[in-house]
Amino acid sequence: MKKPLGAVLLALAMAGAGAAPAVAAPDTASTTGAVDTSTAVSTVWDTVTSASASLNKALAPQVQAVTFAGTVSLSNCSGSVIRFPGSEADDPALVMSNGHCLETGFPAAGEVIVDQASTRSFGLLNSAGTRVGTLRASKIAYATMTDTDVSIYQLTRSYASIKSTYGIDALTLNDTHPVAGTAITVVSGYWKRTYACNIDGFAYRLKEGAWTWKDSVRYTSACQTIGGTSGSPVIDNATGKVVAVNNTGNEDGGRCTDNNPCEVDESGNVTVREGINYAQETYQIPACFGVDNKLDLSASGCTLPKP
């Protein structure tokens, strides 16, 4: 574990073709010999191409600039201030990190922690990675290392209060399954460093020592995360939303041991990928929190492990 648009373009092309005869009118003067229409055709083509390029640019998703704003540093890990699609400004704010980053140590396999008192502090970072303030927990709302590796702390302040004081918004968790090939950035508040790569795919099961995680995100090799990046939000570059939480990697080729997770497929076949790092999906978390960001593990659609 790592602690510490076809019809519109066709219309444009037709509009360009309709203009061509007017530009190429000299073609009818055959008594003067052949007329060179290459300049006219080139002009029309350039016009249509330019218009098409402008339209494509306007319709394409705008890539969000990934910064440190909303990330936090823990004593031993990284994390982020998060909100759900349905969270309100006056809701108590939440911080997400890994289950193995808890101040109380690693939860045992099968253990789920709910509503446990905590006064843990977090260093809040601005877009440049500068620590601008300290946030404090009131409790651990939820934490586990079973099926996933996540901790969610409830803070003593609301999103509106944090925004008013620091001008910083929480990061939003995407509530749909991440997609292979997506360009992502792992943002570490502990190191004030980012790692850019793509989602390479998903591990049916990821086993590390006593713990097993389901449907884990596997990075391409460019994301060489290190100790201290645990708990970092994994951000979709195109949307700016959080799709996973960074948690581990195979450090030296070991097979299913601590710091050397292995992938296990549906048939039980084991694959070891030395030097490859992983994260745990977060799309399933919003369904387990309701009004006022209150945890409700019995809510419809909630699949997080229960105590």
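In the predicted model, strand S2 (residues 78–83) and strand S3 are antiparallel and joined by 3 bridges; strands pair where DSSP finds at least two bridges between them. Helices (H or I, at least four residues) and strands (E, at least two) are DSSP runs, numbered from the N terminus. Within this pairing, Ile-82 has Leu-94 of S3 as its bridge partner. Strand S3 is also joined to strand S7 (residues 150–158), in this case by 5 bridges, and the two run antiparallel. Here Ser-97 stands opposite Ser-151 of S7. Strand S3 spans residues 92–97 and is mostly covered, with 5 of its 6 residues buried; buried denotes under 20% relative accessible area, exposed over 50%, and partly exposed in between (1.4 Å probe, protein chains only).

Most residues other than glycine have a negative phi. Asp-215, in strand S11 (residues 211–219), has a positive phi, near 50°. This residue is partly exposed, with a relative accessible area of 23%. A positive phi is also found at Asn-293, where the value is near 60°. Asn-293 lies in the segment after strand S16 (277–281) and is buried, at 2% relative accessibility.

Residues are numbered from 1 along each chain as its sequence is written, and side-chain values use heavy atoms, with hydrogens and water left out. As the model is predicted, local features need pLDDT of at least 70 and side-chain atom pairs count only at pLDDT 80 or more, whereas totals for chains, interfaces and linings use all residues.
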